[in-house]
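Here's a quick tour of one protein model, meant for someone just getting started. Have a look at it first, then read on.

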Amino acid sequence: MSSAAGPDPSEAPEERRFLSTAEAAALERELLEDYRFGRQQLVELCGHASAVAVTKAFPLPALSRKQRTVLVVCGPEQNGAVGLVCARHLRVFEYEPTIFYPMRSLDLLHRDLTTQCEKMDIPFLSYLPTEVQLINEAYGLVVDAVLGPGVEPGKVGGPCTRALATLKLLSIPLVSLDIPSGWDAETGSDAEDGLRPDVLVSLAAPKRCAGRFSGRHHFVAGRFVPDDVRRKFALRLPGYTGTDCVAAL
């Protein structure tokens, strides 16, 4: 039973902007188990918001036809599924996405999302050119949806590792979903030698490594997180404007 005097304010958790890996996993469990979100629902919400963030950073009216071409690089884990949804929504928003998905997951959700992209005539690359200039010339920007928090490049496989090595060398803008692939989600220990994205889209809430992000735009895509969950995890995040599903940090 609660005390009539109420909780001691000194015991309230201090509000913060970043979540540890364990806290991010706990927040996701809360959404899945207590609030009964489905995994596909969360992936769809995050992928749609990621595409909206791309439109905020690179608005279509300001882009030439060539700049509207977007290469979305997807890994086999959940971040890759978010990337597939992001690509589909970018097509709906009249960008011209192409997907590189070298290690296709056998997971049913991944297969369904892949089918949706194929049915919408989004092309899939059979290989990623090692000549970086070919990518720079063919696309206006790249979306990094290769690895999420807690996924190490060496455990995913060679094609993803080689793709990340190529992405490090690009001169066109790079957008990373949730965390820059290859970074340690806690410390961002690979921030200097790893990917250096121009845009970061934090999903649900920023992870600790986002404190080392120094790119042009940082968005949080977490409007779907209920207020009670936000308060439980003591998140201090910007308000969302109008019907926007992303907010600039």
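This is a predicted model: local features need pLDDT of at least 70, side-chain atom pairs count only at pLDDT 80 or more; totals for chains, interfaces and linings use all residues.

T98 is buried, with a relative accessible area of 10%; buried means under 20%, exposed means over 50%, and partly exposed is in between, using a 1.4 Å probe and protein chains only. Residues are numbered from 1 along each chain as its sequence is written, and side-chain values use heavy atoms, with hydrogens and water left out.

**Around T98**
- You'll find T98 in strand 2, residues 96-100; strands (E, at least two residues) and helices (H or I, at least four) are DSSP runs, numbered from the N terminus.
- Leaving aside neighbours within four places in sequence, T98 is in contact with V70, L71, V72, I122, P123, L125 and Y139, where contact means heavy atoms within 4.5 Å.

**The nonpolar cores**
- A nonpolar core is a set of buried Ala, Val, Leu, Ile, Met, Phe, Trp, Tyr and Cys residues joined through side-chain atoms within 4.5 Å.
- The largest one has 53 residues, and I99 and V175 touch the most other members.
- Helix 2 gives the most to this core, with nine residues.
- Another core, of 18 residues, lies apart from it, and V73, L147, L167 and I172 are among its members.

**Over at K66**
- K66 sits in the loop between helix 2 and strand 1 (69-74).
- With a relative accessible area of 37%, K66 is partly exposed.
- K66 and E137 are 71 residues apart along the chain, yet their C-alpha atoms are separated by 8.7 Å.
- The side chain of K66 reaches the backbone oxygen of N136 at 3.0 Å.

**The largest pocket**
- About 480 Å³ of space lies in the largest pocket; a volume is the space filled by probe spheres set on grid points, which are joined across faces, edges and corners.
- A pocket is an open set of points on a 1 Å grid over the protein atoms alone, where a 1.4 Å probe fits, with protein on both sides within 12 Å along at least five of seven lines.
- Its lining has 23 residues, with E28, Q78, P149, D178 and K207 nearest the centre; lining residues have an atom within 4 Å of a point.
- Helix 1 provides the largest share of that lining, six residues.

Conventions:
A polar contact is a pair of N or O atoms within 3.5 Å; within protein, one must be able to donate a hydrogen and the other to accept it, and residues adjacent in sequence count only if both atoms are side-chain atoms.
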